[in-house]
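Q: I'm new to this one. Can we go through it together?

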Amino acid sequence: MSQTERVPADQYRTVVTRPDDFDAFWDDLLAQSADIPLNATVELVPLRSTPEIEVYDVHYDSLDGVRIAGWYALPRERSGKLPGIVQLPGYLQDPPIPRSWAEDGYAAFSAAPRGKIRSNQQFNPGYPGLLTHNMVDRNTYTYRGFYIDAARTIDFLLSRDEVDGERMGVSGSSQGGGLAISTAGLRPEVRAAAAGCPYLCGYMDSIELTQTYPYQEISDYLRLYPERREAVRDTLAYFDGINFGPRITCPIMVYIGLQDNVCPPETGYAAFNTIASEDKQMYPYDGHGHDAGSVHHGAILKDFFKNHLQNY
Amino acid sequence: MSNTSRPEDFDAYWQQVCGELEATPIAPEEEHLPIRSTEYCECYTVRFTGIGPYRLFGYLSIPHGDGPFPTLLLGPAYRSVADPLPQGDANEKRGRFLVFSTAGRGQRNADKPYAGVFPGMMTEGIDSPETSIFRGFVADWLRAVDYLLTRPEVDRSRLAAIKQDGMPLLTAALRPEVTHVVGSPGSFYNTADQVPDEVEDYLRLYPEKEAQVKRTLSYFDPFFFASNVRARTLLLGNPEAVAPLTEAIAGQTDVRQSERSSYKDGMFQERWIADQFGFEDVIIPAHWQ
């Protein structure tokens, strides 16, 4: 689609449709996931701990027997139960240690879903490649397990005595934003969610709206295998953040850059529009790209979680 | 001035690295990669050898048509992944520029036998400049230049080393064939005042090693390379903070302070490269138009 044909981002109409069995598909996977013991190991990492923050190396079991890694950070000084926050990673990002969240008083968990380093012993399609791995089959597509790996971060927090299971949030930007949406849609225990420039929303829209990686991976694949377009579209509909929207009922904020060259702002609006929550807020930042206006939005994000998870 | 001290054997240290590279055959293996080839370019994976010896990796995109082509070297960044083209760049760029995007030792596709961890790689071998992983990591940037110089499609008058990091400056200092640099001071600029988080973690656990760690990092401080950087340079950073560095760089240098907008900063960078390489138009992604 050329610039002259482009409509304002908030008026764009998505091509994504919701499969009739979308909820059944995910409810079945959640039931499978619930039957898998977490088998979490939690080991203090002195190298990454500070006088104020304890950092733990965490591993847990997920779908298909894949072992998932994560970093868990806790304030050393604490009284009573802590609100929990999950920080979800970008597509190319190596999951960071969430010390800054812990400094703000959260029990903070940063997971590395399958395929990321530290979680790639059993599943490793690589980058580029992860986005299109088994993209013609919803039952083996990358993000089937990847979304469940992210959803099971909530199980990890619930397993911790120091976490108040009634006060848990999810946050992330880019792929982390997409995972915040999917996790909020899959786990009703999530009480607040923040999604920056969400990736994995409007896959089939994005390949028409932009010619940049990582969505370019899908275009590359379809250039080589044009006959598989229908199968790809059908698979991706099960993983599209736009289709998770009706399952989300917690307070949620979405923030986007109107000049985002990675995750088109049109798709951020399309995802936001389907979210069922009564308490939802969109923050569009003109003059910003894939940074999603974080220079302006950082304080708003902190206040949002403080209001929903700490001031109770 | 940098507050870091220049090691007495700084020149000898880097001469040794360059000597090891010279003695190590590049031994490239290119393989056509149809899935990343487009109407703009043909794409290849390239495996080649750096010091150690260690087998490295890169994605090579060559525009269709007659070369030579202006060339962008996108060397390894400090993370696990190297993409054929940076996330968010207009794919059409690969029709104008020859693009070589490489993975250094420890990164994906170059992670055997050594697989880096992030965080963690930064302090690998940090107790000594001889064992620091960055000795090899810098050499991997240089080796990428060496490989490009074997390619007839590369326009030697327009060869840019690009990464928001200090590595392009180090590379241009040690490989004068690099004509343009887009970079930043990076993590190792003036580490006497502030060290990266990973190093801070390390020193918290091993405070007795502070002097030797800072000595190691000084071998990678771009300030000590600056007088040998003759490439036309765009430095991304706070003008006041980088003033000693920009004054020391031998070539003409522009400084760009971030507007903390990937759109505005990205537009500036794309225009700068286009101007430097003699193009009137700029290839930018749809949402920047």
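A: One definition to start: a residue is buried if 20 or more other C-beta atoms lie within 10 Å of its own, exposed if 12 or fewer, and partly exposed in between, with C-beta atoms placed from the backbone. This is a predicted model, in which local features need pLDDT of at least 70 and side-chain atom pairs count only at pLDDT 80 or more, while totals for chains, interfaces and linings use all residues. Residues are numbered from 1 along each chain as its sequence is written, and chains are lettered from A and ligands numbered from 1 in the order in which they are written.

Q: OK. Is Val136(A) buried or partly exposed?
A: Val136(A) counts as partly exposed, because it has 17 C-beta neighbours inside 10 Å.

Q: Where does Val136(A) lie?
A: Val136(A) is in the loop between S5 and H3 of chain A. Helices (H or I, at least four residues) and strands (E, at least two) are DSSP runs, numbered from the N terminus.

Q: And which residues is Val136(A) in contact with?
A: Leaving aside neighbours within four places in sequence, they are Arg228(A), Ala231(A), Val232(A) and Thr235(A). Contact means that the C-beta atoms of two residues, placed from the backbone, lie within 7 Å. The C-alpha atoms of Val136(A) and Arg229(A) are separated by 8.6 Å, with the two residues 93 apart along the chain.

Q: Switching to the sheet in chain A. What's the strand order?
A: The order is S1-S2-S3-S5-S4-S6-S7-S8-S9, an open sheet of 9 strands with mixed pairing. Strand S1 (41-44) and S9 of chain A are at the edges with a single partner strand each, so one side of each has no neighbour in the sheet. From one strand to the next the twist averages 20°. Two strands pair if DSSP finds at least two bridges between them.

Q: How do S3 and S5 of chain A pair?
A: Strand S3 (residues 67-75) and strand S5 (residues 107-112) of chain A pair in the antiparallel sense over 5 bridges. Gly70(A) stands opposite Ala111(A) in S5(A).

Q: Which helix lies across those strands?
A: Helix H3 (residues 142-158) of chain A, which lies across S3 and S5 as well as strand S2 (53-61), strand S4 (82-88) and strand S6 (163-173). H3 runs at about 150° to S5(A). Axes here are lines fitted to C-alpha atoms, for helices over the stretch in contact, and angles run from 0 to 180 degrees between N-to-C directions.

Q: What about helix H9 of chain A, how many of its residues are buried?
A: 9 of the 10 residues of H9 (residues 265-274) are buried, so the helix is largely enclosed by the rest of the structure. Among the buried ones are Tyr269(A) and Phe272(A). The elements covering them include helix H4 (175-186), helix H5 (203-209) and strand S8 (252-257) of chain A.

Q: Where are the cis peptide bonds?
A: One joins Tyr213(A) and Pro214(A), with omega about 10°. Pro214(A) is in the loop between H5 and helix H6 (216-224) of chain A. Another joins Phe118(B) and Pro119(B), with omega about 5°.

Q: Leu200(A) has a positive phi. Is it buried or exposed?
A: Leu200(A) counts as buried, because it has 29 C-beta neighbours inside 10 Å. Its phi is about 65°, although it is not a glycine.

Q: On to chain B. How many helices and strands?
A: Chain B has 7 helices and 9 strands. Of its 289 residues, 50% count as buried. Its C-alpha trace spans about 55 × 40 × 30 Å along the principal axes.

Q: How many residues of chain B are in contact with chain A?
A: 34 residues of chain B are in contact with 34 residues of chain A. Helix H4 (197-205) and helix H7 (262-276) of chain B each supply at least two residues of the side of chain B that touches chain A.

Q: Last one: what does Leu73(B) touch?
A: Not counting residues up to four places away in sequence, Leu73(B) touches residues including Phe100(B), Val145(B) and Ile162(B).
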